[in-house]
Amino acid sequence: MDRDKINEMARIQQGLEEFLDREMKASGEPGEAQSQDGAEPSVAPDPQTELTVSGGKDMKKTKKKGSAFRKLLIAVLLIVALLGGCLYGAVGVVYGKMNYKEISSVTELPMKQDGVVNILLIGNDSRENGDDGRSDAMILLSVSSKTKTIYMTSLLRDMYVDIPGHEGNRLNAAYSYGGAELLMETVEENFDISVNRYVLVNFEAFANLVDAVGGIELELTEEEIEYVNGYLVEYNMLTGRPQGTDNMDTSLSGLVHLNGPQALAYSRNRYLGTDFGRTERQRKVLTAVIKKLPGTLLTNTGDLLDGLLPNLTTNLTRNECFQLSLMAGKLLTYEIVSDNIPRPGTYKDVVIRKMQVLEVDFEANRKYLKEKIYGEKDSRR
């Protein structure tokens with residue numbers, strides 16, 4: 001990792017520590033790290049035992065050097081333990097702001113399999129936390145140590161899929177039938193990709209996240225701006241804001257600044273480029289946000305966490321979030337790649353039971369995902 005990224009990680013850690021200190025003072029909790037049962041951490045005694053050696057300065061020097069080395073090693077281990085305890089405490093404060101919902105059928109399954117962490121990001125149109133509403137967006141976030149990438153794969157909701165325990169339907173129907181659990185099971189059955197962790201994001205979280213990073217800059221056409229204003233009508237009505245709030249100048253085009261509600265309206269538009277265009281816009285927004293996150297953690301940690309986390313629901317445990325936090329430095333070196341499924345040439349528009357859906361060549365798309373996420377090559381090529 002180069003010096004700039006190391007310095008950036010140090011600044012991020014400092015920002016998180018300052019945030020943790022404020023949270024501890026506000027809640028009245030002590031800042032000292034303790035074990036889970038509340039007992040004070042104990043330090044093992046120096047394993048160096050006293051030896052009696054007859055004669056020889058060389059033996060005494062060797063003993064002193066060995067003792068000094070052991071003391072240094074113990075000191076290093078203590079420092080590492082203290083830093084780990086501080087980070088674990090910080091993760092605990094952050095994690096406490098999210099909404100945890102256990103899914104017993106996948107609790108015992110490991111988060112990371114075959115060098116990849118797969119997390120299904122589900123955007124629903126609910127204004128409250130929970131499984132109500134429709135799954136408006138589905139993105140498979142894959143952190144692959146095999147390919148050194150953070151892979152964002154949009155799953156088009158109009159794909160006609162097999163849904164366990166139900167008749168075939170659009171992919172987003174799985175969420176309506178059985179929430180995140182059935183949606184993950186459906187993705188795994190149809191694409192042969194192991195996914196047992198999810199994060200559910202509602203409208204408010206999406207808008208708050210963009211606002212917390214100070215908004216984003218994207219290239220928009222005049223027509224896209226007109227649709228942004230059209231989607232803002234619904235958003236303003238649902239959130240009780242006066243109509244016209246955040247409307248954009250329709251004479252503008254090119255590189256424009258979008259705040260949270262505007263970015264949400266932009267990403268929901270499916271009338272330009274159908275669902276493929278909509279998922280591409282969603283990934284553009286997420287990519288722009290991710291690039292601004294490190295700086296925001298330094299300057300606006302409180303607003304970022306308070307605006308985003310209470311609007312998230314997940315089955316990730318605290319320990320799993322801690323594991324992910326330990327990967328942060330390494331992830332800064334990973335390439336961010338965005339994609340979508342189905343791939344061009346692997347689907348066709350059809351009507352099934354009076355529904356306009358995408359009939360997908362699942363075998364071709366399975367191979368594509370395996371290669372991109374896991375680095376697996378088709379031996380038959």
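Mentor: The residues that line the largest cavity are Met111, Gln113, Val116, Asn118, Ser194, Val195, Asn196 and Tyr374. The model is a predicted one, in which local features require pLDDT of at least 70 and side-chain atom pairs count only at pLDDT 80 or more, while totals for chains, interfaces and linings use all residues. Residues are numbered from 1 along each chain as its sequence is written, and side-chain values rest on heavy atoms, with hydrogens and water left out.

A cavity is a set of points on a 1 Å grid over the protein atoms alone where a 1.4 Å probe fits but cannot get out, and a lining residue has an atom within 4 Å of a point. Grid points are joined across faces, edges and corners, and the volume is the space filled by probe spheres set on the points. By this rule there is one cavity of 30 Å³ or more, and the largest cavity holds about 50 Å³ of space. Its lining consists of four nonpolar, four polar and no charged residues. In this classification Ala, Val, Leu, Ile, Met, Phe, Trp, Tyr, Cys and Pro are nonpolar, Asp, Glu, Lys and Arg are charged, and the others, Gly among them, are polar.

Helices (H or I, at least four residues) and strands (E, at least two) are DSSP runs numbered from the N terminus. Of the 381 residues, 43% are buried; buried means under 20% relative accessible area, exposed over 50%, and partly exposed in between, with a 1.4 Å probe and protein chains only. Contact means heavy atoms within 4.5 Å. Among contacts between residues at least 6 apart in sequence, 71% join residues at least 24 apart.

Asp114 sits in the loop between strand E2 (112–113) and strand E3 (116–124). Although not a glycine, Asp114 has a positive phi of about 55°, and this residue is exposed, at 56% relative accessible area. Asp246, in the loop between helix H5 (222–239) and strand E10 (254–258), likewise is not a glycine and has a positive phi, of about 70°. Asp246 counts as partly exposed, at 22% relative accessibility.

Helix packing comes next. Axes are lines fitted to C-alpha atoms, for helices over the stretch in contact, and angles run from 0 to 180 degrees between N-to-C directions. Helix H3 (residues 173–191) packs against helix H11 (residues 362–374) at an angle of about 100°, and their axes lie 9 Å apart. H3 is therefore roughly perpendicular to H11; angles of 65 to 115 degrees count as roughly perpendicular, under 35 as roughly parallel, over 145 as roughly antiparallel and the rest as oblique. From H3, Glu189, Asn190 and Phe191 meet Phe362, Asn365, Arg366 and Leu369 of H11. This contact divides into three nonpolar, two polar and two charged residues. Lys367 also belongs to H11 and is partly exposed, with 27% relative accessibility. Lys367 and Lys377 are ten residues apart along the chain, and their C-alpha atoms are separated by 8.2 Å.

Asn365 of H11 is also one of the residues touched by Pro342, together with Leu156, Met159, Phe276, Tyr347, Leu358 and Val360, when residues up to four places away in sequence are not counted. Pro342 occupies the loop between strand E12 (335–341) and strand E13 (347–352) and is buried, with a relative accessible area of 0%. The peptide bond that joins Ile341 and Pro342 is cis, with omega of about 10°. Pro342 is 19 residues from Asp361 in sequence, and the C-alpha atoms of the two are 8.1 Å apart in space.

Ala263, Tyr266, Ser267 and Arg268 of H6 make the contact with Arg278, Arg281, Gln282, Lys284 and Val285 of H7. By class, these are three nonpolar, two polar and four charged residues. Arg281, which lies in H7, is buried at 5% relative accessibility. Apart from its neighbours within four places in sequence, Arg281 contacts Glu224, Tyr266, Ser267, Asn269, Arg270, Leu272 and Thr274.

Technical notes:
On a 1 Å grid over the protein atoms alone, a cavity is a set of points where a 1.4 Å probe fits but cannot get out, and a pocket is an open set with protein on both sides within 12 Å along at least five of seven lines; lining residues have an atom within 4 Å of a point.
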